[in-house]
Amino acid sequence: MKPLMWIYAAAGYNVALAAFHLGFWRMFRWREELPKLHPANRGVMQVMNLMLSYVFLLMAGLQILRADEIGTSPVGRTLMAGLMGFWLIRAALQPVFFKVLPSATNVAFVLLFLAGAGLHAMALPVD
């Protein structure tokens, strides 16, 4: 597959993760759970989640609308390498911060995040 197609695949991944994050209110019953937190912590959780979703959608937009530039410019390659690093770090943090989850769930999320790192890595052209 050509680097351009990997860039589009990575964009789809980022859209999917944004949608996943936007589902947190329902998935994690935030309407019932967040009121248990201090109001500042409740706000931080929601704002961070919304802003992370925004960043995922921004990156996907750039990957779709500027795919040629991402694949051929130093800035674009740096962006893709940075996103690859983001997903590698997120994979490493999963078992550290989610010890309460079943082992199989953590493994599934680690693999999901490694897939994101792999998609972004595949979009990096080899000279």
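I looked up the handedness first: α1 and α7 cross in a left-handed way, meaning that the near helix is turned anticlockwise from the far one by less than a right angle. Helices here are DSSP runs (H or I, at least four residues), numbered from the N terminus. I note that this is a predicted model, with local features needing pLDDT of at least 70 and side-chain atom pairs pLDDT 80 or more, while totals for chains, interfaces and linings use all residues. Numbering starts from 1 along each chain as its sequence is written, and side-chain values use heavy atoms, without hydrogens and water.

Next, the geometry: α1 (residues 3-22) packs on α7 (residues 103-122) at about 145°, with the axes 7 Å apart. Axes are fitted to C-alpha atoms over the stretch in contact, and angles run from 0 to 180 degrees between N-to-C directions.

For contacts (heavy atoms within 4.5 Å), I found W6, Y13 and F20 among the α1 residues, and F109, F113 and H120 among those of α7. The contact has twelve nonpolar, three polar and no charged residues; Ala, Val, Leu, Ile, Met, Phe, Trp, Tyr, Cys and Pro count as nonpolar, Asp, Glu, Lys and Arg as charged, the others, Gly among them, as polar.

Which residues lie nearest the centre of the largest pocket? They are H21, F24, N49, R90 and F98, out of 22 lining residues. α6 gives the most to this lining, six residues, and the lining divides into 17 nonpolar, three polar and two charged. A pocket is an open set of points on a 1 Å grid over the protein atoms alone, where a 1.4 Å probe fits, with protein on both sides within 12 Å along at least five of seven lines; lining residues have an atom within 4 Å of a point.

How values were computed: Helix = DSSP H or I, 4+ residues; strand = E, 2+ residues; numbered from the N terminus.
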